[in-house]
Amino acid sequence: MSFLKPKTHIEQGDVVILYLSVNSMHAIEAVPTIVNKKGETIANIFQTSYGSLKVESIIGVEYGSRVELSKGWAYVLQPNPELWTQTLPHRTQIIYTPDISMILHQLEVRPGAVVIESGTGSGSLSHYFLRALKPTGHLHTFDFHEARADQAREEFKRHGLADFVTVYHRDVCNLGFTSELDGVADAIFLDLPSPDLAVPHAFKALKLSGGRFCSFSPCIEQSQRCIQELTKLGFNEICSMEVLQQENVVKTRTVPVIDLEFLKSPKTSETPTINEDNKANKESKKYLTSSNPQILPGHTGFLTFATLPPNIPK
């Protein structure tokens, strides 16, 4: 139930983020015992690079607290979509925060919205959708892989989000989003190898009053084929973009500065020269500078957005 609402203390069964450092976090379930490969019930001991944690000891602890490990310490945090994206078990490649922020903004996801997503994958984006549309909205998420759909359904249940999401095992490219979802969606998101095949089904699923569409594609050719289908069906405001997050390096630099005021006076034998060992009134000044990072972010994918205007015949 960790994702349902803000909590103060860890309860048994909660998913907890064990924070060691920015680049070292783990999602663990707060249960005192587990069943090992031999079928034996044993104490739940979680191993980290800073030693072991007896998981039973964190039940009842306040979120944000520092807990002792056998060779160090860590913090226990309540999970949110940002932390879950960094710690979730990968069933597929996932979409990360820079792309997700643009998707949520462009699809105008808000409380009460009905969103259709395909495919579910590891559920990274799904958790962001659910946070944005609760408590009155609903997410319908599809995956063609039955095992992944079952895992996602169980995961949402453990996280306390089952009331806000319905998981389907279905090939939406060939079978569509089911007739029950025709004309009910405010927004549709596709992460498919051939999104152009699903565009006609997305057209049917969007409300008669219109809605927003997004497709994530690693290759520009996929985006081009998707745009062709969107144009045929009357979508407008079509655009394709790539989101690259770049953090500037900000630091204080010390720069030597020479006072050249002496050049304004007539030159005499006592007038110092610039190339003397004791530079004329040489000083150092500190400046706050900004520069590009040495390593630039790599390509993730192309986001194709479009709007279905209201009252388009279907």
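This is a predicted model: local features need pLDDT of at least 70, side-chain atom pairs count only at pLDDT 80 or more; totals for chains, interfaces and linings use all residues.
## Overall architecture

Taken along the principal axes, the box filled by the C-alpha atoms is roughly 95 × 60 × 30 Å.

Of the 314 residues, 43% count as buried. Among contacts in the chain with a separation of 6 or more, 68% are between residues 24 or more positions apart.

Helix H3 is mostly covered, with 9 of its 10 residues buried.

Strands E5 (residues 45–48) and E6 (residues 51–54) run antiparallel and are joined by 4 bridges. The two strands form a hairpin with 2 residues between them. Within this pairing, Ile45 has Lys54 of E6 as its bridge partner.

## Cis peptide bonds and positive phi values

A cis peptide bond, with omega about 0°, joins Ser118 and Gly119. Gly119 belongs to the loop between strand E9 (114–118) and helix H3 (124–133). A cis peptide bond also joins Lys134 and Pro135, with omega about 5°. Pro135 is placed in the loop between H3 and strand E10 (138–143).

Thr178 is a residue other than glycine with a positive phi, near 75°. Thr178 is found in the loop between helix H5 (172–175) and strand E12 (187–190). With a relative accessible area of 15%, Thr178 is buried, because the limit for that class is under 20%. Asn311, also a residue other than glycine, has a positive phi near 60°. Asn311 is located in the segment after strand E17 (302–308). The relative accessibility of Asn311 is 59%, so this residue counts as exposed.

## Aromatic pairs and a charge over a ring

The count of aromatic pairs comes to 7. One of them is formed by Phe3 and Trp84, an edge-to-face pair with 5.8 Å from centre to centre and 80° between the planes. Phe3 lies in the segment before strand E1 (15–21) and Trp84 in helix H1 (residues 81–87), so this pair ties together parts of the chain that are 81 residues apart in sequence. Both Phe3 and Trp84 are buried. Phe203 and Phe235 have ring centres 6.2 Å apart and planes at 65°, so this pair too is edge-to-face, the angle being over 60 degrees. This pair links distant parts of the chain, 32 residues apart: Phe203 is in helix H6 (residues 195–205), and Phe235 is in the loop between helix H7 (220–232) and strand E14 (236–241). Phe203 is buried at 7% relative accessible area, and Phe235 counts as buried at 5%.

Ring pairs also link Phe142, Tyr168 and Phe177 into a cluster. Elsewhere, the charged end of Arg66 sits over the ring of Trp73, at 4.0 Å from the ring centre.

## Cysteines

A disulfide is a covalent bond between the sulfur atoms of two cysteines. A search of the whole structure finds 0 disulfides.

Cys219 counts as partly exposed, at 39% relative accessibility. Cys239 is also partly exposed, with a relative accessible area of 30%.

Conventions. Residues are numbered from 1 along each chain as its sequence is written. Side-chain values use heavy atoms; hydrogens and water are left out. Buried means under 20% relative accessible area, exposed over 50%, partly exposed in between (1.4 Å probe, protein chains only). Rings of Phe, Tyr and Trp (its six-membered ring) pair if their centres lie within 6.5 Å; planes under 30 degrees apart count as stacked, over 60 as edge-to-face and the rest as tilted. A charge sits over a ring if NZ of Lys or CZ of Arg is within 6 Å of the ring centre and within 35 degrees of the ring normal. A disulfide is a pair of cysteine sulfur atoms within 2.5 Å. Two strands pair if DSSP finds at least two bridges between them. Contact means heavy atoms within 4.5 Å.
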